[in-house]
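Here is a short note for a colleague opening this entry for the first time. Please keep the sequence and the 3D view side by side.

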Amino acid sequence: MPALTQSVKDELTTVHTRMLPSVIAEVSTMFRFAGGLQINSGKVAIQAELGHAGSARHLWELVRQVFNVESELMAVSSAMRQGNHYIVRISRDGERIARRLGLLDSHGRPVRGLPPSIVGGSRADAAAAWRGAFLARGSLMEPGRNAALEVVCPGLESAYALGGLARRMEIPYRSRESRGAHRVDIREGDAISEMLTRMGANDAVLRWEELRVEREVHGSANRLANFDDANMRRSADAAVVAVIRVKRAFEILGDDAPENLRQAGEFRMKYPEDSLNLLGERMTPPATKDAVAGRLRRLNTMADKRAAELGIMSTTDYVESAEKHHQ
């Protein structure tokens, strides 16, 4: 599993919503995309096979909390697949739970796409369903020509349903069939950031944005020899994104920003062209590159969470607004 995908899934397994319909949407989608119903001699079982251990434990825990049922959790290995896979299986009360999850309709028939309760639910339910789909069969490729947030779907109906949920959140997506599977992917950089935010992967958003800026700055540096001064100035624009986000974070948090995070943010604004290593050397006491990066990430994450609570523009929204105004 690519490192970026691994880190996003690690973070998503720490997201816990208090809204029951959203929890059910997440659990239902995980089972739908990672396995589904098994009906043998009229007895219904529900099973999900996952490649990420944390996702399996997360699903097991959600099932226990919502349905007061301890499902089976097993690690299996296969010569056909690299590494372990993890199976979460509900055998006891399988039919009752399948109906509650919307995997069986009122007539006891399997639902082919996603349950109507999710398709017609709230935006929070849509985000929870996308979180479940990503934990089940999602991947995130690093910024660049092939950058994409992608989910492999169990069928055409589920791909249509997942795409519809993205559309409800006003996030552009593409539904396609490739390599023998139906896939829904998001390819625009800003749209990927928005979906990661909706799913609750705030740290992943910061890392994604950092990678985007690094890619743009690195690409620009490789072209400097052939570009004139005007192009050189334009290529440097991407590097100010970090400064814009820090400024917005201070506007949101005011005096609530912890002192160590405030110092990192102030030095980032004061010395915008400095590397993280150099910024750390300027601080009192000095800090490592990783420490500086971590403080800036925590500052922006804290501000974005506060912005979500207040219903105001987050640091990423502010960057987008500034870019549109500049254009």
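1. Overall make-up. This is a predicted model. The protein holds 15 helices and eight strands. Of its 327 residues, 48% are buried. Take the contacts between residues at least 6 apart in sequence: 64% of them join residues at least 24 apart.

2. A helix pair. Look at α1, residues 3–12, and α6, residues 123–137. They pack with their axes 10 Å apart, at an angle of about 135°. The two helices are therefore oblique to each other. The crossing of α1 past α6 is left-handed.

3. Who meets whom. On the α1 side, the residues are Thr5, Val8, Lys9 and Leu12. They meet Arg131, Phe134, Leu135 and Ala136 of α6. Two of these names return in a charge-over-ring arrangement: the charged end of Lys9 sits over the ring of Phe134, 5.8 Å from the ring centre.

4. The aromatic pair. How many aromatic pairs are there? The count is one. Its members are Phe267 and Tyr271, with ring centres 5.9 Å apart. Their planes stand at 40°, so the pair is tilted; stacked would need planes under 30 degrees apart, and edge-to-face over 60.

5. Around Tyr271. Arg282 lies over the face of the Tyr271 ring, at 3.7 Å from its centre. Is Tyr271 buried or partly exposed? Its relative accessibility is 22%, so Tyr271 counts as partly exposed. The cut-off for buried is under 20%.

Note on methods. Residues numbered from 1 in each chain as written. Predicted model: local features only at pLDDT ≥ 70, side-chain atom pairs only at ≥ 80, totals over all residues. Heavy atoms only, no water. Phe/Tyr/Trp six-rings, centres within 6.5 Å; stacked < 30°, edge-to-face > 60°. Buried < 20%, exposed > 50% of the residue type's maximum accessible area, 1.4 Å probe, protein only. Lys NZ or Arg CZ within 6 Å of the ring centre and 35° of its normal. Axes fitted to C-alpha atoms, helices over the stretch in contact; angles between N-to-C directions. Helix = DSSP H or I, 4+ residues; strand = E, 2+ residues; numbered from the N terminus. Parallel < 35°, antiparallel > 145°, perpendicular 65-115°, else oblique. Left-handed = near helix turned anticlockwise from the far one by under 90°. Contact = heavy atoms within 4.5 Å.
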